[in-house]
Amino acid sequence: MKEIIPSPPPVVRNDVAAVQALFQKNVMPTYGRFDLALSHGSGSYVYDVTGKRYLDLGAGIAVLGLGHAHPAITEALIEQSRKLVHVSNLYYHEPQGRLAEAIVNLLGPGKIFFSNSGAEANEGLFKLARRFGHDQGRFEIITALNSFHGRTLAGISATGQEKVKKGFEPMVSGFRHVPYNDLAAVRNAVSPATAAVLIECIQGEGGVTAATPAYLLGLRKLCDEKKLLLFFDGVQDGYFRSGRFQCFQRILENNPAGSTFLPDGVSMAKSMAGGFPMGAFWARAPYADLLGPGMHASTFGGTPLGCAVALKVLEVIQNEKLADNARRIGEFLMTGLLQLQAKYPGVIRNARGLGLMIGVELAENVARLPGDPSKPQAGRFVPMLHAAGLLVIPAGASVIRLLPPLNLRQNEAEEGLRLLESVVAKLAG
Ligand SMILES: Cc1ncc(COP(=O)(O)O)c(C=O)c1O
């Protein structure tokens, strides 16, 4: 393999401005980007074009489950690409069947549809709900305020945040938003047209808020009672990030009802193939055949290449017990963050999350934070962390998210806490 895996190219262009100019001229300005141009990475570290090294605790927004440039991913890509990169879904191939089997074994009796992204996985759930309710004229899906379900038109319609909808109205009809973790609000929103309920078990973009066990159990009961499908968007919080395959399994693990609990559909994406684009949704057995031949499709869904990489990612996660690592290192980080919060209450308001999905909320009006005070605090804090050599992800106005690789090491977690403290201490004065 060595002859075709050269080491990362040397940094030949150390000019961020030149890379930015290429974007300004040629790439649509849909993203608010930070002033960083990245060049290559290794494990939990990534390097910019000037050669500066960063500890990457954002991991491509929860995508790089095995970190940057993991050799098992490189090898799986090379090995499979020598055999079959792509075949149409008009034919069978083994990697897709084997990956579907592995996910079903991790979740429960049901079937999988493969997509390319999280938004596309959720679109599949929306269509499943419509198909399920179609003959009784039921089509509405209840989602939560502050949720995030993707940027397609139905995705922004499902998302419970006005800012993603603005300028794109009218929305796709049939989505109702209710306060999160409020079972009575869901019950009151059910109408004769309701077909499904969709929530994130930890709201990610909304600021890292976890569902309570009572909420999940209550939703299951309500959905059974009203004959609604219960869907979880596991795009960000799933795939072992919480310390279990899916986040509901973690939230309910100490609950007597947890061992038999199943939702009716789960979407996933992000870290499925460790950075190779891949998404999927699982539907529980009684509903898994609702979408029959010709009803749903995706050209690039479940290609041999994507599935081979995803199978390899699963193998590494299981062999190296990375779910346990996510739990252990997550707890270590959380303890350290709570100590920082106690030491610097004027800068950190709290830390919350499960496993390696952690939100750190800034205190109100952190006095020394540089930048325009009318701009969100998180967006002004993150560049200070960049300067210190740490990448994290803003979530909402005042929260930063830590979503590191699942194989983050203890010494890297310690380094992350040290870098964070170096910035927080400056702000505390
Ligand atoms: C919970 C959740 N759902 C859906 C999506 C959309 O996924 P994608 O960007 O792959 O379409 C995201 C992306 O951040 C997400 O966090």
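How do the residues of the lining of the second largest pocket divide into nonpolar, polar and charged? In this predicted model, 16 of these lining residues are nonpolar, eleven are polar and two are charged. The lining comprises 29 residues, and those that lie nearest the centre of the pocket are Asn89, Gln96, Ile112, Phe113 and His296. Helix H4 (94-107), strand E4 (110-115) and strand E12 (279-284) are the elements that each give two or more residues to this lining. Strand E4 gives the most, with four residues. The volume of the second largest pocket is about 890 Å³.

The ligand has 13 residues around it, and Gly118, Ala119, Asp233, Gln236 and Lys270 come nearest. By residue class, this shell divides into three nonpolar, six polar and four charged residues. Helix H5, which spans residues 118-133, gives the most to the shell, with three residues.

At Ala119, a backbone N or O atom lies 2.8 Å from an oxygen atom of the ligand. At Phe148, a backbone N or O atom is placed 3.4 Å from a nitrogen atom of the ligand. On its own the ligand has 390 Å² of accessible area, of which the protein covers 82%.

Technical notes:
Residues are numbered from 1 along each chain as its sequence is written. This is a predicted model: local features need pLDDT of at least 70, side-chain atom pairs count only at pLDDT 80 or more; totals for chains, interfaces and linings use all residues. Side-chain values use heavy atoms; hydrogens and water are left out. A residue is near a molecule or strand if one of its heavy atoms lies within 4 Å of it. A polar contact is a pair of N or O atoms within 3.5 Å; within protein, one must be able to donate a hydrogen and the other to accept it, and residues adjacent in sequence count only if both atoms are side-chain atoms. Accessible areas come from the Shrake-Rupley method with a 1.4 Å probe; for residues, only the protein chains shown count as cover. Ala, Val, Leu, Ile, Met, Phe, Trp, Tyr, Cys and Pro count as nonpolar, Asp, Glu, Lys and Arg as charged, and the others, Gly among them, as polar. On a 1 Å grid over the protein atoms alone, a cavity is a set of points where a 1.4 Å probe fits but cannot get out, and a pocket is an open set with protein on both sides within 12 Å along at least five of seven lines; lining residues have an atom within 4 Å of a point. Grid points are joined across faces, edges and corners, and a volume is the space filled by probe spheres set on the points.
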